[in-house]
Amino acid sequence: MNGRIVEDLSELSPGPNDAPGLKRSIKLSEATSPSTEGVWMMRLASGDAIKSIAANTWSVDEKYQITIDEKLAKSVLVRESKGKRELVLPLSSVGTPIEYYLRW
């Protein structure tokens, strides 16, 4: 990878009804943007079962939820890898920073 993560910040972020949660913000160096020859992915979650429960929210193994900005959600993919499901975000579709929320 040509670029790198230049900032990775996690902070507590209570959700509806004070459900425990975490907000993660990742800032990438500009060189991280993929060339037109390839697409790089950022894995947001991995599990046996990942299902969409809203336009920008997914449930992972019915243990936690991940929510991202609605603009980014349009680019998110669920793919199979080594017998698991992965929630991935093509980096060609995002700017920086990338923010997402985990709720359990």
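These legends accompany close-up views of a predicted model.

**Figure 1. Overall fold of the predicted protein.** The protein has one helix and nine strands. From the N terminus, the elements run β-β-β-β-β-β-α-β-β-β. The chain holds 104 residues, of which 37% count as buried. Its accessible surface comes to about 6700 Å². Carbon and sulfur atoms account for 48% of that surface. Take the contacts between residues at least 6 apart in sequence: 51% of them join residues at least 24 apart. The later views pick out single sites within this fold.

**Figure 2. The open sheet β3-β8-β7.** Three strands make up this open sheet, in the order β3-β8-β7, with antiparallel pairing. Strands β3 and β7 are the edge strands, each pairing on one side only. Direction ignored, neighbouring strands of the sheet are turned by 35° against each other on average. The antiparallel strands β3 and β8 are joined by six bridges. Within this pairing, Arg43 stands opposite Val88 in β8.

**Figure 3. Salt bridges around Glu86.** Side chains of opposite charge can pair when their charged atoms come close. In this model the count comes to seven salt bridges. How exposed is Glu86? Its relative accessibility is 7%, so Glu86 counts as buried, the limit being under 20%. Arg79 is partly exposed, with a relative accessible area of 36%.

**Figure 4. The Lys84–Asp48 salt bridge.** Lys84 forms a salt bridge with Asp48, and the closest N and O atoms lie 3.0 Å apart. Distant parts of the chain are linked by this pair too. Lys84 belongs to strand β8, while Asp48 is in the loop between β3 and β4 (50-54). The two are 36 residues apart. Lys84 is partly exposed, with a relative accessible area of 36%. Asp48 has a relative accessible area of 51%, so it counts as exposed, the limit being over 50%.

Figure 5. Lys51 lies in strand β4. At 46% relative accessibility, Lys51 counts as partly exposed. Which residues does Lys51 contact, leaving aside its neighbours within four places in sequence? They are Thr57, Trp58, Ser59 and Glu62. Lys51 and Asp61 are ten residues apart in sequence, and their C-alpha atoms are 8.5 Å apart in space. Asp61 is found in the loop between β5 (57-60) and β6 (64-68). Its phi is positive, at about 55°, although Asp61 is not a glycine. Asp61 is partly exposed, with a relative accessible area of 25%.

**Figure 6. Lys82 in the loop between β7 and β8.** Lys82 is in the loop that runs between β7 (77-81) and β8. Lys82 is not a glycine, yet it has a positive phi of about 55°. Buried or exposed? Lys82 is exposed, with a relative accessible area of 83%.

**Figure 7. Asn56 in the loop between β4 and β5.** Asn56 is located in the loop between β4 and β5. At 14% relative accessibility, Asn56 counts as buried because the limit is under 20%. The Asn56 side chain reaches the backbone oxygen of Ile68 at 2.8 Å. Not counting residues up to four places away in sequence, Asn56 touches Ile66, Thr67, Ile68, Asp69, Glu70 and Ala73.

How values were computed
Residues numbered from 1 in each chain as written. Predicted model: local features only at pLDDT ≥ 70, side-chain atom pairs only at ≥ 80, totals over all residues. Heavy atoms only, no water. Salt bridge = Lys/Arg side-chain N within 4 Å of Asp/Glu carboxyl O. Buried < 20%, exposed > 50% of the residue type's maximum accessible area, 1.4 Å probe, protein only. Helix = DSSP H or I, 4+ residues; strand = E, 2+ residues; numbered from the N terminus. Contact = heavy atoms within 4.5 Å. Areas by Shrake-Rupley, 256 points an atom, 1.4 Å probe, with all protein chains shown as cover. Polar contact = N/O pair within 3.5 Å; in protein donor to acceptor, adjacent residues only side chain to side chain. Pairing = 2+ DSSP bridges. Axes fitted to C-alpha atoms, helices over the stretch in contact; angles between N-to-C directions.
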